There are 6 protein chains.
Amino acid sequence: MALSNERLIGKMAMLGVLDESYLPEIEKLGWKFCVGKAGSMDSQKVVAAIETAAKSENVIQSRIYRETHSLYHAIMEAFHGVTRGQVQLGTVLRTVGLRFIVVRGNPYEKKEEGDWIAVALYGTIGAPVKGLEHEAVGLGINHI
Amino acid sequence: MALSNERLIGKMAMLGVLDESYLPEIEKLGWKFCVGKAGSMDSQKVVAAIETAAKSENVIQSRIYRETHSLYHAIMEAFHGVTRGQVQLGTVLRTVGLRFIVVRGNPYEKKEEGDWIAVALYGTIGAPVKGLEHEAVGLGINHI
Amino acid sequence: MALSNERLIGKMAMLGVLDESYLPEIEKLGWKFCVGKAGSMDSQKVVAAIETAAKSENVIQSRIYRETHSLYHAIMEAFHGVTRGQVQLGTVLRTVGLRFIVVRGNPYEKKEEGDWIAVALYGTIGAPVKGLEHEAVGLGINHI
Amino acid sequence: MALSNERLIGKMAMLGVLDESYLPEIEKLGWKFCVGKAGSMDSQKVVAAIETAAKSENVIQSRIYRETHSLYHAIMEAFHGVTRGQVQLGTVLRTVGLRFIVVRGNPYEKKEEGDWIAVALYGTIGAPVKGLEHEAVGLGINHI
Amino acid sequence: MALSNERLIGKMAMLGVLDESYLPEIEKLGWKFCVGKAGSMDSQKVVAAIETAAKSENVIQSRIYRETHSLYHAIMEAFHGVTRGQVQLGTVLRTVGLRFIVVRGNPYEKKEEGDWIAVALYGTIGAPVKGLEHEAVGLGINHI
Amino acid sequence: MALSNERLIGKMAMLGVLDESYLPEIEKLGWKFCVGKAGSMDSQKVVAAIETAAKSENVIQSRIYRETHSLYHAIMEAFHGVTRGQVQLGTVLRTVGLRFIVVRGNPYEKKEEGDWIAVALYGTIGAPVKGLEHEAVGLGINHI
Ligand SMILES: [Mg+2]
Ligand SMILES: [Mg+2]
Ligand SMILES: [Mg+2]
Ligand SMILES: [Mg+2]
Ligand SMILES: [Mg+2]
Ligand SMILES: [Mg+2]
């Protein structure tokens, strides 16, 4: 049941969102993925931007709820890393500027493990004033 | 007050913990850092392992409480990314196997911003059974 | 001090909100209760709907703050079951469609335990798109 | 994508755990399920009891991690309803006595939605002294 | 329904725990109260110390569960102020040294509001090493 | 590294916000501080009011981000004490009327500990209806 060292989906997603020159490594595996940017004080807009990208670029199938459900929880888990305590932005007077990646593939040695999804976020979080910010990262992983 | 693009401490810490071949890039900046591993169901042991490494390798000064305080909160923030909801391991029947890095330096353009600390975590989280796990990531950043 | 098996207020509230044919069982005990529906992305509207119903149907006395206070905390506790992590709806891009019941009575064998209040919630939670949702449940219990 | 009114897996799981005379209704649908009891101040023992039951009664396949992963998150979500704030028992000086049910089936109209899992909990929570307790409920739902 | 300016139970509890020369002011109102100390890495021991004091000094009646229930939730709320994020001590490698006070009385102008309980905590929180700590405060208020 | 008994910054901040006749004691130490009021259902407005006061009265330097960062986290920690579970106001249908104080100084015996910041909050929290409220307190402490 072990994770395959060549297909560590979380590591690859994280590397891909930190440094886009890494993206061809993900492509080589034949995995689906999409990247994008989202900046807002409204946390729901960040969620919406990621969901929209993943659906429009066919990383998940929008007509099947279980895929949206899987992605939603992966996004929420990634958000915990970015927000570190309460999953809130504007209501606690902070904003984010994030790059995101959604990767879909099987990171396990066994084929029966099927597809998993990784959502990685990287960017800045801080006061709604340019420069009053530091970096933040998040990773959510779910079976799909 | 902006972050300097060449000294993104969070990105560098994250890259360093994901791929140790990246560590010389951090050294080049003249920044202090330490790396290590911690695996446990006891969350306090992970905290202790990181604190001990950062002190014994002089990334922080152990005789000044404000440095320990800064590191502690950075560790806690990184733990939020790994645990995604409740900062608990064994009490919710899960365990982690993590690599960690603690990096200290000034990521801002202005010298007055002084030192900051970044704690990055990467590894697996899951049931206390080999293979029943997926990857997890955390990043905590604090002024020191 | 034990709970009385015939007057398990939480179980009765939950059964009543899941299946309204059960409501006469609650009536038989002579307990006050009210039922209603609330659907919204605004969590405060759900709280308001429950409070308004409980006051207008005299399950609690609106002129005594301690009764509002007791109900409020019972609603919040029930919301934890529905939201499972952060007590947020629209800010994390989700919406609920809930039935609710508020029941008031003494579930203990001893008369001195006085009145308690149970708030039970049942319905769906999910994306603000019909069908992209699953069920959710919550129960809050407080002394009043 | 809508939920089927005759196959509301959360409602059925909840009714089944509240009143075992309801279990034949779940059987009629041909769904897999298991029931059990768990009482402890150690939250991890409750998690373990549910996981063990679900595996030994073949509600989930223990040799596939994605099934354990799905169940684990459903258990955690159900625990939020029971604990209402922090997913802790003994560390905040309280104990639970719970009945649980794990149900597996497709609650949606479309076959493509595949199997989902519902974990429902019902029982008491309170001080580690008989009688100093009130009822609690939790429901977690996940795609599997 | 307003709070009475002369009987602000939270303020009086807080002042009493910060400075014991203030305690006679609470006595003058004829209110019941008890004070004590609790230091531990085990959060449950702090809860137990407060509950035991309140019962043995008759601030609450131990034979009525609703009073224990009210006190328990007030303690938990006060703990949130001390722990600021996760209600955990030893599991996140920190310890507390706290003074506590439990005050019981009616802070409202209307007699019908009955008794309320205030739990105030003051002390230090930090690493399990003398001196590596800062101050912390908590206040929980509940109807009883 | 111990806290100095004559310079307990948290205790002094708390006493100062509870009773303004105490403020001259803080002045005597030569510490910077500011006081103010903030009442709102919008949690971000409370954060903004405190930040604005601390900057305009020069308790912190607005042109250095590390000072804003330190204050922000101290405010968030103080908010945990006031909100006791989820750092939310209007979204859970409640409002606050708070007095605040921000104090800056070194509470430790050793000069090397440098400046620390304490944010203390005291006031009422409750339904958006006059009188339907009880008191609340929060204290956040950070190195600056
Ligand atoms: Mg997981
Ligand atoms: Mg920060
Ligand atoms: Mg309770
Ligand atoms: Mg879900
Ligand atoms: Mg309250
Ligand atoms: Mg601290």
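Q: In this predicted model, is C34(D) buried or exposed, and why?

A: Buried means under 20% relative accessible area. C34(D) has 1% relative accessibility, so C34(D) counts as buried. The counterpart C34(F) is also buried, because its relative accessibility is 1%.

Q: Which residues coordinate the magnesium ion (ligand 3)?

A: The donors are the NE2 atoms of H134(D), H69(E) and H73(E), at 2.1 to 2.2 Å.

Q: Why is helix 1 (residues 9-18) of chain C described as largely enclosed?

A: The burial of its residues is the criterion: nine of the 10 are buried, so the rest of the structure largely encloses this helix. Among them are I9(C), G10(C), M12(C) and L18(C). Within chain C, the buried residues of helix 1 pack against helix 2 (23-28), strand 2 (95-105), strand 3 (116-126) and strand 4 (133-143). From chain D, helix 1 (9-18) and strand 4 are packing partners as well.

Q: What rotation superposes chain C on chain D?

A: A rotation of 180° with 0.0 Å of shift along its axis does so, with an RMSD of 0.0 Å. That is the relation of a two-fold axis. The same surface serves both copies, as 100% of the contact residues of chain C recur in chain D.

Q: Which residue of chain C comes closest to the rotation axis?

A: G81(C) does, with its C-alpha at 1.7 Å.

Terms used. Residues numbered from 1 in each chain as written. Chains lettered and ligands numbered in written order. Predicted model: local features only at pLDDT ≥ 70, side-chain atom pairs only at ≥ 80, totals over all residues. Heavy atoms only, no water. Buried < 20%, exposed > 50% of the residue type's maximum accessible area, 1.4 Å probe, protein only. Donors = N, O, S within 2.8 Å, 3.2 Å for Na, K, Ca; no water. Helix = DSSP H or I, 4+ residues; strand = E, 2+ residues; numbered from the N terminus. Contact = heavy atoms within 4.5 Å. Least-squares fit on C-alpha atoms with pLDDT ≥ 70 in both.
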